Amino acid sequence: MNMQVSFDATVTEQSLGELFNLPIPEEVTVGVMPPSPLTPRRIDDFVFRMEQVKLLTAFFCSPTPPLGGLFVHGPFGSGKTSVIEQFCARLGLPLVSCDWNYESEIEDLIGTRDIAFGDTAFTPGPLVEAMKNGHVLLINEIDRGRPSNLTGLHGILDGAPLTIRATNEIVQPHPDFRLVVTANSAGSGDRGGQYTGSVRKQDPAFLDRFVFLECVYMDEAEELELLMRKFPAFEGQLVHKLVEFANDTRAKAMDVAADLTIPVSTRTLLRCLWLAESYGISGITFAAQSLDILRPALEPTYLFRLDDVERAVAEKVLDSMMPNQVRLPA
Ligand SMILES: Nc1ncnc2c1ncn2[C@@H]1O[C@H](COP(=O)(O)OP(=O)(O)O)[C@@H](O)[C@H]1O
Ligand SMILES: [Mg+2]
């Protein structure tokens, strides 16, 4: 596979399987650019999933630019932002990111005219820079904004040039320019009641201009592997129990009949073990105890966020996490 930038002599072909630590035949290669100052910093122990890499490779590396943008959706802390950053880190792609919210306007992306020393000057926004220079523009939490504020992106998503109204400049899209957005819902609003008042239903015409990549929480074995790689001082059985606890909260959060709407995310797990390690809990063996030994780290990273009803459910799950129920991964 060739990158758009393949005329650049500095691009090297590298094995896709090796880059993403996945079982992909060696002859499948991809163009890798030398990192620029805008290329995200690489996290070596990032866990890539085959389905994600397949779609991301098509989106970023196909010889013809994609018809539209990429919409990454999934629950919080599941790796939406980081999978894009880490993909770009591996391929040396320059990435600019910004966060979207209820107050965001298209001008935040295109740029603003400011008055300085009695004169007005136009400061281009991240969209203009990305389109001109062939950067990846990542807009996080797109479903936190007002749908009507995004219609100004329709033309760009269709591959059209951007006209900057303030200056009348016409910006042609660089062939390497890509637009990626992340959101908790796939644009349909909050169906499960987890994001009440924050996630908004998006305009179907906007959504029609994207290819969708779902980012679910890692499966048990993948998550255990990640946590053990990051926190090797912990006993495997203990971490495995913690992952089981997280999965139980995730199942309950998906179940409208259960009184728990806040799941333990991958981000929460990483923070919990980080805190446990700082508290010196890592050396303790799990054998004769329950998951309760992690409580000093679990309270401030997760349990404090729950109201009384939700907490009672989480406590019940915690109580059931006894060592005799440990299932070792196959
Ligand atoms: N597949 C993964 N491999 C390694 N770390 C991960 C993975 N997915 C998520 N993480 C870590 O979990 C945390 C949350 O990820 P993030 O991308 O910010 O989630 P989201 O954007 O979905 O809220 C980050 O610290 C990230 O590095
Ligand atoms: Mg994110």
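Helices H9 and H12 are oblique to each other, with axes that come within 10 Å and cross at roughly 140°. The model is predicted.

**Packing of H9 and H12**

- Helix H9 spans residues 236-254 and helix H12 spans residues 308-319.
- The crossing of these two helices, H9 and H12, is right-handed.
- On the H9 side, Phe245, Asp248 and Lys252 take part, and they meet Val313, Ala314, Val317 and Leu318 of H12.
- Sorted by class, this contact between H9 and H12 comprises five nonpolar and two charged residues, with no polar ones.

**Packing of H2 and H3**

- The axes of H2 (residues 50-61) and H3 (residues 80-91) come within 11 Å and cross at roughly 60°, which makes H2 oblique to H3.
- The crossing of H2 and H3 is right-handed.
- H2 contributes Gln52, Val53, Leu56, Thr57, Phe60 and Cys61 to the contact, while H3 contributes Val83, Ile84, Phe87 and Leu91.
- In the contact of H2 with H3, eight residues are nonpolar, two are polar and none is charged.

**Surroundings of ligand 1**

- There are 15 residues around ligand 1, of which Val47, Gly77, Lys80, Ser82 and Arg267 come nearest.
- A side-chain N or O atom of Ser82 is 2.5 Å from an oxygen atom of the ligand.
- For Thr81, a polar side-chain atom lies 2.9 Å from an oxygen atom of ligand 1.
- Gly79 takes part through its backbone, with a polar atom 3.0 Å from a ligand oxygen atom.

Terms used
Residues are numbered from 1 along each chain as its sequence is written. Chains are lettered from A and ligands numbered from 1 in the order in which they are written. This is a predicted model: local features need pLDDT of at least 70, side-chain atom pairs count only at pLDDT 80 or more; totals for chains, interfaces and linings use all residues. Side-chain values use heavy atoms; hydrogens and water are left out. Axes are lines fitted to C-alpha atoms, for helices over the stretch in contact, and angles run from 0 to 180 degrees between N-to-C directions. Helices (H or I, at least four residues) and strands (E, at least two) are DSSP runs, numbered from the N terminus. Angles under 35 degrees count as roughly parallel, over 145 as roughly antiparallel, 65 to 115 as roughly perpendicular and the rest as oblique. A crossing is left-handed if the near helix is turned anticlockwise from the far one by less than a right angle, and right-handed if clockwise. Contact means heavy atoms within 4.5 Å. Ala, Val, Leu, Ile, Met, Phe, Trp, Tyr, Cys and Pro count as nonpolar, Asp, Glu, Lys and Arg as charged, and the others, Gly among them, as polar. A residue is near a molecule or strand if one of its heavy atoms lies within 4 Å of it. A polar contact is a pair of N or O atoms within 3.5 Å; within protein, one must be able to donate a hydrogen and the other to accept it, and residues adjacent in sequence count only if both atoms are side-chain atoms.
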